[in-house]
Amino acid sequence: MLRKNLEILIERCLKELQKEESFPSFSLDRFSLRSPEGNNHGDYSSNMALVLSKEVGRPPLEIAELLESKLQKEDMLEKVEIAGPGFINLFISKQYLEIEIKNTLKNKENYDVIDIGKGKKVNVEFISANPTGPLTVGNARGGIIGNVLSKILTKAGWKVTKEYYFNDAGGQIDVLGHSVLKDDQSAYKGAYIDELHDKLKEGSAREIGKKAAKILIEEIKKTTKRMGVEFDVWTAEGRDLREKKKVEKIIAWMKEKDLAYELEGALWFKSTQFGDDKDRVLIKSDGEPTYFAVDCAYHKNKLIERKFDRVIDIWGADHHGDIPRVKGFVKALGYEGKLDILIHQFVRIIKDGQEVRMSKRTGNYITIDELLDEVGLDVTVFFFLMKSIDTHLNFDLNLAKEQSDKNPVYYIQYAYARICSIIEKASGIKQEININLLSHPSELDLIKQLLKLPEIIEDTAKDYQIQRLPQYALDLATDFHRFYHNCRVITEDKALSSSRLGLVASSKIALENILKLMGVSAPEKM
(Lines give C-alpha, C1' and ligand atoms only; values in the text may rest on other atoms or scores of the structure.)
Protein backbone atom coordinates (compact mmCIF):
# COMPACT_ATOMS: atom_id res chain seq x y z
CA MET A 1 0.00 0.00 0.00
CA LEU A 2 1.40 3.38 -1.06
CA ARG A 3 0.76 5.26 2.18
CA LYS A 4 1.98 2.37 4.32
CA ASN A 5 5.23 2.20 2.39
CA LEU A 6 5.61 5.95 2.76
CA GLU A 7 5.10 5.64 6.51
CA ILE A 8 7.85 3.01 6.66
CA LEU A 9 10.18 5.33 4.73
CA ILE A 10 9.39 8.26 7.05
CA GLU A 11 9.93 6.09 10.12
CA ARG A 12 13.37 5.09 8.88
CA CYS A 13 14.35 8.71 8.20
CA LEU A 14 13.08 9.82 11.60
CA LYS A 15 15.09 7.12 13.38
CA GLU A 16 18.22 8.18 11.52
CA LEU A 17 17.58 11.80 12.51
CA GLN A 18 16.85 10.79 16.09
CA LYS A 19 20.19 9.01 16.31
CA GLU A 20 22.19 11.81 14.66
CA GLU A 21 20.62 14.64 16.67
CA SER A 22 20.25 12.72 19.98
CA PHE A 23 16.50 13.32 20.00
CA PRO A 24 14.39 11.53 22.65
CA SER A 25 12.25 8.59 21.55
CA PHE A 26 8.78 9.47 20.26
CA SER A 27 5.69 7.73 18.91
CA LEU A 28 4.91 7.86 15.20
CA ASP A 29 1.20 7.67 16.05
CA ARG A 30 1.31 11.36 16.93
CA PHE A 31 2.09 12.39 13.35
CA SER A 32 -0.51 12.79 10.60
CA LEU A 33 0.01 11.79 6.99
CA ARG A 34 -2.89 12.84 4.80
CA SER A 35 -3.78 13.49 1.18
CA PRO A 36 -4.36 17.26 0.84
CA GLU A 37 -6.96 18.81 -1.44
CA GLY A 38 -5.50 19.68 -4.84
CA ASN A 39 -2.05 18.93 -6.22
CA ASN A 40 -0.21 22.05 -5.04
CA HIS A 41 0.45 20.67 -1.55
CA GLY A 42 1.89 17.34 -2.60
CA ASP A 43 0.44 13.86 -2.77
CA TYR A 44 0.74 13.65 1.01
CA SER A 45 1.32 16.25 3.70
CA SER A 46 2.60 15.70 7.24
CA ASN A 47 2.80 17.70 10.46
CA MET A 48 5.75 15.65 11.73
CA ALA A 49 8.11 18.65 11.99
CA LEU A 50 5.58 20.58 14.09
CA VAL A 51 5.02 17.66 16.46
CA LEU A 52 8.69 16.81 16.72
CA SER A 53 9.67 20.43 17.45
CA LYS A 54 7.57 20.33 20.61
CA GLU A 55 9.27 17.09 21.66
CA VAL A 56 12.84 18.39 21.23
CA GLY A 57 12.39 22.11 21.89
CA ARG A 58 13.72 23.33 18.55
CA PRO A 59 11.97 25.51 15.92
CA PRO A 60 9.65 23.55 13.58
CA LEU A 61 11.27 25.08 10.49
CA GLU A 62 14.67 23.84 11.61
CA ILE A 63 13.26 20.34 12.19
CA ALA A 64 11.50 20.45 8.80
CA GLU A 65 14.78 21.28 7.05
CA LEU A 66 16.52 18.36 8.77
CA LEU A 67 13.73 16.01 7.70
CA GLU A 68 13.70 17.40 4.18
CA SER A 69 17.40 16.67 3.76
CA LYS A 70 16.74 13.02 4.66
CA LEU A 71 13.60 12.55 2.59
CA GLN A 72 15.01 14.20 -0.56
CA LYS A 73 17.43 11.28 -0.95
CA GLU A 74 14.63 8.68 -1.22
CA ASP A 75 13.77 7.26 -4.67
CA MET A 76 10.13 6.96 -3.70
CA LEU A 77 9.84 10.75 -3.58
CA GLU A 78 10.18 13.07 -6.54
CA LYS A 79 10.09 16.24 -4.48
CA VAL A 80 9.84 17.38 -0.84
CA GLU A 81 8.64 20.87 0.08
CA ILE A 82 8.37 22.75 3.37
CA ALA A 83 5.15 24.74 3.68
CA GLY A 84 3.85 27.25 6.18
CA PRO A 85 5.11 26.94 9.75
CA GLY A 86 6.63 23.50 9.23
CA PHE A 87 4.36 21.21 7.23
CA ILE A 88 6.18 18.85 4.90
CA ASN A 89 4.62 18.16 1.49
CA LEU A 90 5.64 14.94 -0.25
CA PHE A 91 5.41 14.25 -4.00
CA ILE A 92 5.55 10.58 -5.08
CA SER A 93 7.92 9.79 -7.97
CA LYS A 94 6.47 8.54 -11.27
CA GLN A 95 8.66 5.44 -11.12
CA TYR A 96 7.21 4.46 -7.78
CA LEU A 97 3.69 5.12 -9.03
CA GLU A 98 4.41 2.66 -11.85
CA ILE A 99 5.42 -0.03 -9.35
CA GLU A 100 2.22 0.47 -7.37
CA ILE A 101 -0.17 0.61 -10.33
CA LYS A 102 1.35 -2.54 -11.83
CA ASN A 103 0.68 -4.22 -8.51
CA THR A 104 -2.98 -3.32 -8.97
CA LEU A 105 -3.10 -5.05 -12.35
CA LYS A 106 -1.29 -8.07 -10.96
CA ASN A 107 -3.38 -8.63 -7.82
CA LYS A 108 -6.74 -7.42 -9.15
CA GLU A 109 -9.52 -7.93 -6.57
CA ASN A 110 -6.94 -8.44 -3.81
CA TYR A 111 -4.89 -5.30 -4.31
CA ASP A 112 -6.97 -3.48 -1.70
CA VAL A 113 -6.76 -6.24 0.92
CA ILE A 114 -4.94 -5.21 4.11
CA ASP A 115 -4.32 -7.01 7.39
CA ILE A 116 -4.92 -4.76 10.36
CA GLY A 117 -7.43 -7.23 11.82
CA LYS A 118 -4.86 -10.06 11.96
CA GLY A 119 -7.62 -12.68 11.85
CA LYS A 120 -9.20 -11.52 15.10
CA LYS A 121 -12.90 -12.15 15.64
CA VAL A 122 -15.38 -9.26 15.44
CA ASN A 123 -19.14 -9.44 15.90
CA VAL A 124 -21.18 -6.86 14.01
CA GLU A 125 -24.79 -6.77 15.19
CA PHE A 126 -27.18 -4.63 13.17
CA ILE A 127 -30.82 -4.00 12.27
CA SER A 128 -32.06 -6.15 15.19
CA ALA A 129 -35.59 -4.81 14.82
CA ASN A 130 -38.13 -6.82 16.78
CA PRO A 131 -40.53 -8.96 14.71
CA THR A 132 -43.54 -6.75 15.37
CA GLY A 133 -43.80 -5.40 11.83
CA PRO A 134 -42.02 -5.04 8.48
CA LEU A 135 -38.57 -3.45 8.30
CA THR A 136 -38.74 0.32 7.82
CA VAL A 137 -36.37 2.57 5.88
CA GLY A 138 -34.91 3.53 9.27
CA ASN A 139 -34.13 -0.12 10.05
CA ALA A 140 -32.69 -0.49 6.57
CA ARG A 141 -30.16 2.31 7.02
CA GLY A 142 -28.62 0.38 9.90
CA GLY A 143 -28.73 -2.76 7.78
CA ILE A 144 -26.85 -1.27 4.87
CA ILE A 145 -24.30 0.39 7.16
CA GLY A 146 -23.71 -2.87 9.05
CA ASN A 147 -23.42 -4.95 5.92
CA VAL A 148 -20.91 -2.65 4.24
CA LEU A 149 -18.89 -2.19 7.42
CA SER A 150 -18.71 -5.99 7.74
CA LYS A 151 -17.29 -6.22 4.20
CA ILE A 152 -14.75 -3.50 4.97
CA LEU A 153 -13.61 -5.28 8.14
CA THR A 154 -13.28 -8.54 6.23
CA LYS A 155 -11.09 -6.78 3.64
CA ALA A 156 -9.04 -5.39 6.51
CA GLY A 157 -8.23 -8.84 7.90
CA TRP A 158 -10.92 -9.31 10.57
CA LYS A 159 -12.92 -12.53 10.90
CA VAL A 160 -16.44 -11.10 10.86
CA THR A 161 -19.71 -12.53 12.18
CA LYS A 162 -22.84 -10.64 11.10
CA GLU A 163 -25.61 -11.00 13.64
CA TYR A 164 -29.30 -10.12 13.96
CA TYR A 165 -30.73 -10.08 17.50
CA PHE A 166 -34.48 -10.02 18.08
CA ASN A 167 -36.98 -10.23 20.91
CA ASP A 168 -39.25 -13.27 20.70
CA ALA A 169 -40.40 -13.01 24.32
CA GLY A 170 -41.74 -10.45 26.76
CA GLY A 171 -43.99 -7.43 26.61
CA GLN A 172 -43.67 -6.49 22.94
CA ILE A 173 -44.70 -9.95 21.83
CA ASP A 174 -47.76 -9.72 24.09
CA VAL A 175 -48.63 -6.38 22.51
CA LEU A 176 -48.24 -7.93 19.06
CA GLY A 177 -50.64 -10.71 20.09
CA HIS A 178 -53.21 -8.19 21.33
CA SER A 179 -52.83 -6.26 18.07
CA VAL A 180 -53.43 -9.37 15.98
CA LEU A 181 -56.49 -10.15 18.13
CA LYS A 182 -57.54 -6.49 17.72
CA ASP A 183 -58.61 -6.23 21.34
CA ASP A 184 -58.52 -3.15 23.57
CA GLN A 185 -54.76 -3.57 24.24
CA SER A 186 -53.71 -3.54 20.59
CA ALA A 187 -51.04 -1.06 19.43
CA TYR A 188 -49.78 -2.10 15.99
CA LYS A 189 -51.83 -1.30 12.91
CA GLY A 190 -51.57 -1.80 9.18
CA ALA A 191 -52.30 -4.26 6.40
CA TYR A 192 -49.83 -6.79 7.82
CA ILE A 193 -51.82 -6.91 11.09
CA ASP A 194 -55.01 -7.53 9.10
CA GLU A 195 -53.29 -10.42 7.31
CA LEU A 196 -52.07 -11.93 10.59
CA HIS A 197 -55.55 -11.49 12.10
CA ASP A 198 -57.00 -13.58 9.26
CA LYS A 199 -54.39 -16.33 9.81
CA LEU A 200 -54.22 -16.54 13.62
CA LYS A 201 -57.52 -17.01 15.41
CA GLU A 202 -57.04 -19.23 18.45
CA GLY A 203 -54.92 -18.88 21.58
CA SER A 204 -53.94 -16.32 24.21
CA ALA A 205 -52.36 -12.99 23.28
CA ARG A 206 -48.89 -14.36 24.13
CA GLU A 207 -49.41 -17.53 22.08
CA ILE A 208 -50.67 -15.59 19.10
CA GLY A 209 -47.90 -13.01 19.55
CA LYS A 210 -45.26 -15.73 19.38
CA LYS A 211 -46.82 -17.26 16.28
CA ALA A 212 -47.06 -13.85 14.64
CA ALA A 213 -43.43 -13.08 15.53
CA LYS A 214 -42.30 -16.30 13.83
CA ILE A 215 -44.17 -15.34 10.67
CA LEU A 216 -42.78 -11.80 10.74
CA ILE A 217 -39.17 -12.87 11.33
CA GLU A 218 -39.39 -15.05 8.21
CA GLU A 219 -40.64 -12.01 6.28
CA ILE A 220 -37.77 -9.96 7.71
CA LYS A 221 -35.30 -12.62 6.52
CA LYS A 222 -36.71 -12.31 3.00
CA THR A 223 -36.36 -8.54 3.15
CA THR A 224 -32.77 -8.58 4.42
CA LYS A 225 -31.84 -11.01 1.66
CA ARG A 226 -33.42 -8.65 -0.84
CA MET A 227 -31.23 -5.88 0.65
CA GLY A 228 -28.16 -7.99 -0.09
CA VAL A 229 -27.62 -8.82 3.58
CA GLU A 230 -26.86 -12.40 4.61
CA PHE A 231 -26.61 -12.82 8.39
CA ASP A 232 -24.38 -15.49 9.88
CA VAL A 233 -26.33 -15.70 13.15
CA TRP A 234 -29.93 -14.97 14.17
CA THR A 235 -30.13 -14.70 17.96
CA ALA A 236 -33.53 -14.85 19.67
CA GLU A 237 -33.90 -13.41 23.16
CA GLY A 238 -36.30 -16.06 24.42
CA ARG A 239 -34.78 -19.10 22.76
CA ASP A 240 -31.07 -18.23 23.13
CA LEU A 241 -30.93 -16.24 26.36
CA ARG A 242 -33.97 -16.65 28.60
CA GLU A 243 -34.63 -20.35 28.06
CA LYS A 244 -30.93 -21.13 28.58
CA LYS A 245 -30.97 -19.22 31.90
CA LYS A 246 -28.31 -16.77 30.71
CA VAL A 247 -30.17 -13.80 32.20
CA GLU A 248 -30.41 -15.53 35.60
CA LYS A 249 -26.71 -16.37 35.47
CA ILE A 250 -25.59 -12.79 34.78
CA ILE A 251 -27.82 -11.50 37.58
CA ALA A 252 -26.26 -14.02 39.97
CA TRP A 253 -22.80 -12.91 38.85
CA MET A 254 -23.62 -9.25 39.52
CA LYS A 255 -24.86 -10.08 43.01
CA GLU A 256 -21.75 -12.12 43.69
CA LYS A 257 -19.52 -9.22 42.60
CA ASP A 258 -21.53 -6.70 44.65
CA LEU A 259 -22.60 -4.87 41.49
CA ALA A 260 -26.33 -5.01 42.21
CA TYR A 261 -28.61 -4.03 45.10
CA GLU A 262 -32.31 -4.17 45.97
CA LEU A 263 -34.44 -1.06 46.37
CA GLU A 264 -38.24 -0.66 46.41
CA GLY A 265 -38.74 -4.27 45.37
CA ALA A 266 -36.50 -4.00 42.30
CA LEU A 267 -32.90 -5.05 41.62
CA TRP A 268 -30.53 -2.31 40.44
CA PHE A 269 -27.13 -2.35 38.70
CA LYS A 270 -24.53 0.03 40.14
CA SER A 271 -23.97 1.68 36.76
CA THR A 272 -22.91 5.01 38.29
CA GLN A 273 -19.68 3.27 39.32
CA PHE A 274 -18.90 2.88 35.60
CA GLY A 275 -19.72 6.31 34.19
CA ASP A 276 -23.53 6.27 33.91
CA ASP A 277 -25.54 9.20 35.30
CA LYS A 278 -27.75 6.94 37.43
CA ASP A 279 -28.13 3.31 38.48
CA ARG A 280 -30.30 1.11 36.26
CA VAL A 281 -33.01 -1.44 37.01
CA LEU A 282 -32.20 -5.07 36.22
CA ILE A 283 -35.25 -6.84 37.65
CA LYS A 284 -38.54 -4.96 38.00
CA SER A 285 -40.72 -5.24 41.06
CA ASP A 286 -42.94 -7.77 39.26
CA GLY A 287 -39.92 -10.06 38.80
CA GLU A 288 -39.58 -9.44 35.06
CA PRO A 289 -36.05 -8.68 33.79
CA THR A 290 -35.58 -5.36 31.98
CA TYR A 291 -34.22 -5.04 28.44
CA PHE A 292 -30.98 -3.87 30.03
CA ALA A 293 -30.65 -7.09 32.04
CA VAL A 294 -31.09 -9.12 28.87
CA ASP A 295 -28.56 -6.88 27.10
CA CYS A 296 -26.07 -7.68 29.85
CA ALA A 297 -26.54 -11.42 29.32
CA TYR A 298 -26.26 -10.94 25.56
CA HIS A 299 -22.98 -9.01 25.71
CA LYS A 300 -21.49 -11.49 28.17
CA ASN A 301 -22.41 -14.20 25.68
CA LYS A 302 -20.60 -12.39 22.87
CA LEU A 303 -17.49 -11.36 24.77
CA ILE A 304 -16.91 -14.29 27.12
CA GLU A 305 -18.79 -17.32 25.83
CA ARG A 306 -18.21 -16.75 22.11
CA LYS A 307 -14.88 -14.98 22.69
CA PHE A 308 -15.16 -12.13 20.21
CA ASP A 309 -12.15 -9.81 20.26
CA ARG A 310 -14.36 -6.86 19.35
CA VAL A 311 -18.11 -6.25 19.36
CA ILE A 312 -19.79 -3.59 17.23
CA ASP A 313 -23.44 -2.73 17.89
CA ILE A 314 -25.26 -0.56 15.33
CA TRP A 315 -28.36 1.03 16.83
CA GLY A 316 -31.00 3.55 15.82
CA ALA A 317 -31.05 7.06 17.29
CA ASP A 318 -33.80 6.14 19.76
CA HIS A 319 -31.31 3.91 21.62
CA HIS A 320 -28.76 6.65 22.27
CA GLY A 321 -29.60 6.72 25.98
CA ASP A 322 -28.76 3.03 26.34
CA ILE A 323 -25.07 3.51 25.53
CA PRO A 324 -23.73 4.48 29.01
CA ARG A 325 -25.40 1.58 30.83
CA VAL A 326 -24.32 -1.09 28.33
CA LYS A 327 -20.76 0.23 28.11
CA GLY A 328 -20.75 0.46 31.91
CA PHE A 329 -21.68 -3.20 32.18
CA VAL A 330 -18.99 -4.20 29.66
CA LYS A 331 -16.47 -2.25 31.74
CA ALA A 332 -17.67 -4.06 34.90
CA LEU A 333 -17.26 -7.32 33.02
CA GLY A 334 -13.60 -6.44 32.43
CA TYR A 335 -13.82 -5.82 28.68
CA GLU A 336 -13.62 -2.05 28.47
CA GLY A 337 -12.61 -0.91 24.97
CA LYS A 338 -13.91 -4.09 23.32
CA LEU A 339 -17.38 -2.67 22.53
CA ASP A 340 -18.15 0.02 19.93
CA ILE A 341 -21.70 1.33 19.63
CA LEU A 342 -22.60 3.21 16.46
CA ILE A 343 -25.78 5.29 16.33
CA HIS A 344 -27.39 6.03 12.97
CA GLN A 345 -29.82 8.90 12.56
CA PHE A 346 -33.25 8.99 10.96
CA VAL A 347 -34.22 8.76 7.28
CA ARG A 348 -36.65 11.13 5.59
CA ILE A 349 -38.03 10.24 2.16
CA ILE A 350 -38.40 13.36 0.02
CA LYS A 351 -40.46 13.64 -3.17
CA ASP A 352 -41.00 16.90 -5.07
CA GLY A 353 -39.44 18.75 -2.16
CA GLN A 354 -41.90 17.36 0.39
CA GLU A 355 -41.47 14.59 2.95
CA VAL A 356 -43.35 11.39 2.12
CA ARG A 357 -44.93 10.15 5.34
CA MET A 358 -47.61 7.58 4.60
CA SER A 359 -47.24 3.92 3.72
CA LYS A 360 -49.95 1.92 1.97
CA ARG A 361 -49.03 -1.18 3.94
CA THR A 362 -48.58 0.15 7.46
CA GLY A 363 -50.32 3.51 7.59
CA ASN A 364 -47.56 5.33 9.48
CA TYR A 365 -44.12 4.51 8.07
CA ILE A 366 -42.40 3.48 4.84
CA THR A 367 -41.01 -0.04 4.57
CA ILE A 368 -37.71 -0.82 2.90
CA ASP A 369 -39.57 -3.19 0.53
CA GLU A 370 -41.64 -0.25 -0.71
CA LEU A 371 -38.53 1.84 -1.30
CA LEU A 372 -36.80 -1.02 -3.12
CA ASP A 373 -39.89 -1.44 -5.30
CA GLU A 374 -39.75 2.27 -6.09
CA VAL A 375 -36.05 2.84 -6.89
CA GLY A 376 -34.19 -0.49 -6.74
CA LEU A 377 -31.31 -1.74 -4.62
CA ASP A 378 -28.35 0.07 -6.20
CA VAL A 379 -29.64 3.58 -5.60
CA THR A 380 -31.03 2.69 -2.17
CA VAL A 381 -27.69 1.35 -0.95
CA PHE A 382 -25.62 4.18 -2.41
CA PHE A 383 -27.86 6.96 -1.08
CA PHE A 384 -27.98 5.37 2.38
CA LEU A 385 -24.18 5.34 2.49
CA MET A 386 -23.59 8.89 1.26
CA LYS A 387 -24.01 10.65 4.58
CA SER A 388 -22.17 10.14 7.86
CA ILE A 389 -24.23 7.81 10.04
CA ASP A 390 -24.54 10.45 12.77
CA THR A 391 -26.41 12.85 10.46
CA HIS A 392 -30.03 12.72 9.31
CA LEU A 393 -30.53 11.41 5.78
CA ASN A 394 -32.87 13.03 3.27
CA PHE A 395 -33.53 10.46 0.54
CA ASP A 396 -34.51 12.31 -2.65
CA LEU A 397 -36.83 10.06 -4.66
CA ASN A 398 -36.70 12.35 -7.69
CA LEU A 399 -32.90 12.23 -7.84
CA ALA A 400 -32.92 8.47 -7.17
CA LYS A 401 -34.99 7.93 -10.32
CA GLU A 402 -32.95 10.33 -12.47
CA GLN A 403 -31.22 8.58 -15.39
CA SER A 404 -28.50 11.18 -15.94
CA ASP A 405 -25.20 12.42 -14.57
CA LYS A 406 -27.13 14.25 -11.85
CA ASN A 407 -27.65 10.87 -10.20
CA PRO A 408 -24.29 9.79 -8.71
CA VAL A 409 -25.13 6.09 -9.11
CA TYR A 410 -25.85 6.49 -12.81
CA TYR A 411 -22.67 8.58 -13.21
CA ILE A 412 -20.48 5.93 -11.56
CA GLN A 413 -22.07 2.96 -13.31
CA TYR A 414 -21.75 4.75 -16.64
CA ALA A 415 -18.01 5.11 -15.98
CA TYR A 416 -17.79 1.36 -15.43
CA ALA A 417 -19.80 0.58 -18.56
CA ARG A 418 -17.54 2.94 -20.54
CA ILE A 419 -14.47 1.11 -19.21
CA CYS A 420 -15.90 -2.25 -20.28
CA SER A 421 -16.66 -0.87 -23.75
CA ILE A 422 -13.08 0.39 -24.18
CA ILE A 423 -11.60 -2.94 -23.10
CA GLU A 424 -13.90 -4.82 -25.49
CA LYS A 425 -12.91 -2.59 -28.42
CA ALA A 426 -9.22 -2.94 -27.54
CA SER A 427 -9.30 -6.73 -27.54
CA GLY A 428 -5.86 -8.01 -28.49
CA ILE A 429 -3.93 -4.95 -27.31
CA LYS A 430 -1.55 -5.65 -24.46
CA GLN A 431 -2.32 -3.99 -21.13
CA GLU A 432 1.09 -2.88 -19.88
CA ILE A 433 1.73 0.45 -18.19
CA ASN A 434 4.88 2.43 -19.00
CA ILE A 435 4.75 5.43 -16.67
CA ASN A 436 7.16 7.42 -18.85
CA LEU A 437 4.52 7.50 -21.60
CA LEU A 438 1.81 8.82 -19.28
CA SER A 439 2.44 12.51 -18.81
CA HIS A 440 -0.96 14.17 -19.02
CA PRO A 441 -2.15 15.48 -15.60
CA SER A 442 -5.41 13.54 -15.89
CA GLU A 443 -3.47 10.28 -16.36
CA LEU A 444 -1.38 10.85 -13.24
CA ASP A 445 -4.40 12.04 -11.23
CA LEU A 446 -6.23 8.83 -12.14
CA ILE A 447 -3.28 6.66 -11.11
CA LYS A 448 -3.05 8.39 -7.74
CA GLN A 449 -6.79 8.02 -7.23
CA LEU A 450 -6.62 4.30 -7.98
CA LEU A 451 -3.92 3.82 -5.36
CA LYS A 452 -6.04 5.40 -2.62
CA LEU A 453 -8.51 2.50 -2.35
CA PRO A 454 -6.46 0.45 0.18
CA GLU A 455 -6.18 3.62 2.29
CA ILE A 456 -9.96 4.05 2.15
CA ILE A 457 -10.32 0.46 3.40
CA GLU A 458 -7.83 0.97 6.22
CA ASP A 459 -9.24 4.29 7.44
CA THR A 460 -12.83 3.07 7.35
CA ALA A 461 -11.96 -0.16 9.17
CA LYS A 462 -10.51 2.00 11.95
CA ASP A 463 -13.10 4.77 12.34
CA TYR A 464 -16.23 3.32 10.65
CA GLN A 465 -16.83 6.43 8.50
CA ILE A 466 -18.50 4.47 5.68
CA GLN A 467 -19.46 7.61 3.71
CA ARG A 468 -15.89 7.51 2.36
CA LEU A 469 -16.85 4.65 0.03
CA PRO A 470 -19.49 6.39 -2.12
CA GLN A 471 -17.38 9.55 -2.15
CA TYR A 472 -14.35 7.58 -3.34
CA ALA A 473 -16.41 5.87 -6.04
CA LEU A 474 -17.64 9.27 -7.21
CA ASP A 475 -14.12 10.77 -7.19
CA LEU A 476 -12.77 7.78 -9.10
CA ALA A 477 -15.53 7.97 -11.72
CA THR A 478 -14.90 11.72 -12.10
CA ASP A 479 -11.18 11.21 -12.61
CA PHE A 480 -11.83 8.44 -15.13
CA HIS A 481 -14.32 10.50 -17.15
CA ARG A 482 -11.79 13.37 -17.21
CA PHE A 483 -9.02 11.01 -18.38
CA TYR A 484 -11.30 9.61 -21.08
CA HIS A 485 -12.11 13.07 -22.45
CA ASN A 486 -8.49 14.25 -22.35
CA CYS A 487 -6.59 11.16 -23.47
CA ARG A 488 -7.52 8.97 -26.40
CA VAL A 489 -6.90 5.37 -25.35
CA ILE A 490 -6.54 3.54 -28.68
CA THR A 491 -4.08 5.38 -30.91
CA GLU A 492 -1.57 4.59 -33.67
CA ASP A 493 1.13 4.59 -31.00
CA LYS A 494 0.99 0.98 -29.79
CA ALA A 495 3.10 1.56 -26.67
CA LEU A 496 0.98 4.52 -25.61
CA SER A 497 -2.23 2.58 -26.30
CA SER A 498 -0.92 -0.31 -24.23
CA SER A 499 -0.08 1.97 -21.30
CA ARG A 500 -3.40 3.78 -21.39
CA LEU A 501 -5.27 0.51 -21.72
CA GLY A 502 -3.43 -0.75 -18.64
CA LEU A 503 -4.68 2.33 -16.83
CA VAL A 504 -8.23 1.62 -18.03
CA ALA A 505 -7.97 -2.00 -16.84
CA SER A 506 -6.70 -0.82 -13.43
CA SER A 507 -9.66 1.56 -13.23
CA LYS A 508 -12.01 -1.34 -13.93
CA ILE A 509 -10.51 -3.31 -11.03
CA ALA A 510 -10.78 -0.43 -8.56
CA LEU A 511 -14.29 0.60 -9.57
CA GLU A 512 -15.52 -2.98 -9.53
CA ASN A 513 -14.00 -3.51 -6.07
CA ILE A 514 -15.56 -0.42 -4.53
CA LEU A 515 -18.99 -1.13 -6.06
CA LYS A 516 -18.86 -4.71 -4.78
CA LEU A 517 -17.96 -3.48 -1.29
CA MET A 518 -21.01 -1.23 -1.28
CA GLY A 519 -23.30 -3.87 -2.76
CA VAL A 520 -23.95 -1.84 -5.92
CA SER A 521 -24.02 -3.62 -9.28
CA ALA A 522 -21.41 -2.96 -11.98
CA PRO A 523 -23.24 -3.13 -15.35
CA GLU A 524 -21.04 -3.70 -18.39
CA LYS A 525 -23.53 -1.99 -20.71
CA MET A 526 -25.92 0.93 -20.17
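# Briefing: enclosed helices, cores, rings and pockets

Of the 9 residues of α14, 8 are buried, so this helix is largely enclosed by the rest of the structure. Buried means under 20% relative accessible area, with exposed over 50% and partly exposed in between (1.4 Å probe, protein chains only). This is a predicted model: local features need pLDDT of at least 70, side-chain atom pairs count only at pLDDT 80 or more, and totals for chains, interfaces and linings use all residues. Residues are numbered from 1 along each chain as its sequence is written, and side-chain values use heavy atoms, with hydrogens and water left out.

**Overall build**

- The chain holds 20 helices and 15 strands. Helices (H or I, at least four residues) and strands (E, at least two) are DSSP runs, numbered from the N terminus.
- Buried residues account for 53% of the chain's 526 residues.
- Along the principal axes, the C-alpha atoms fill a box of roughly 80 × 60 × 40 Å.
- Contact means heavy atoms within 4.5 Å. Of the contacts between residues at least 6 apart in sequence, 70% join residues at least 24 apart.

**Enclosed helices**

- The buried residues of α14 are D378, V379, T380, V381, F382, F383, F384 and L385.
- Helix α2 (residues 48-56) has 7 of its 9 residues buried, so the rest of the structure largely encloses it.
- In α2, the buried set is M48, A49, L50, V51, L52, S53 and V56.
- The cover over these α2 residues includes α1, β2 (44-46), α3 (60-71) and β4 (87-92).
- G57 follows α2 and has a positive phi, near 70°.

**Nonpolar cores**

- A nonpolar core is a set of buried Ala, Val, Leu, Ile, Met, Phe, Trp, Tyr and Cys residues joined through side-chain atoms within 4.5 Å.
- The largest core has 125 residues, and L71, F395 and I514 touch the most other members. Helix α20 (residues 494-518) gives the largest share of this core, 12 residues.
- Apart from this core lies another, of 33 residues, with Y298, L303, V326 and A332 among them.
- Neighbours within four places in sequence aside, L71 is in contact with L9, I10, C13, M48, L77, V80, I88 and L90.
- In soluble globular proteins, nonpolar side chains tend to be buried together.

**Aromatic pairs**

- Rings of Phe, Tyr and Trp (its six-membered ring) pair if their centres lie within 6.5 Å; planes under 30 degrees apart count as stacked, over 60 as edge-to-face and the rest as tilted.
- That rule gives 15 aromatic pairs.
- Y164 and W234 are stacked, at 4.5 Å centre to centre with 25° between the planes. Y164 sits in strand β6 and W234 in strand β7 (residues 233-236), so the pair ties together parts 70 residues apart in sequence.
- Y164 is buried, at a relative accessible area of 0%.
- F384 and F395 have ring centres 5.6 Å apart and planes at 85°, so they form an edge-to-face pair. F384 lies in helix α14 (residues 377-385) and F395 in strand β15 (residues 393-396), so this pair ties together parts 11 residues apart in sequence.
- Both F384 and F395 are buried.
- Ring pairs also link F126, Y164, F166, F231 and W234 into a cluster.

**Pockets**

- The grid has 1 Å spacing over the protein atoms alone. A pocket is an open set of points where a 1.4 Å probe fits, with protein on both sides within 12 Å along at least five of seven lines; lining residues have an atom within 4 Å of a point.
- Grid points are joined across faces, edges and corners, and a volume is the space filled by probe spheres set on the points.
- The largest pocket contains about 1,300 Å³ of space. Its lining has 50 residues, and A129, N130, N139, D318 and H319 lie nearest its centre.
- At least two lining residues each come from α5 (137-155), β6 (159-166), α11 (291-305), β11 (310-316), α12 (323-333) and β13 (347-351). The largest share, 6 residues, is from α11.
- This lining divides into 25 nonpolar, 15 polar and 10 charged residues. Ala, Val, Leu, Ile, Met, Phe, Trp, Tyr, Cys and Pro count as nonpolar, Asp, Glu, Lys and Arg as charged, and the others, Gly among them, as polar.
- The second largest pocket contains about 770 Å³ of space. It is lined by 27 residues, with S35, P36, E37, Q449 and K452 nearest its centre.
- The lining of the second largest pocket has 8 nonpolar, 6 polar and 13 charged residues. Its largest share, 6 residues, comes from α19.
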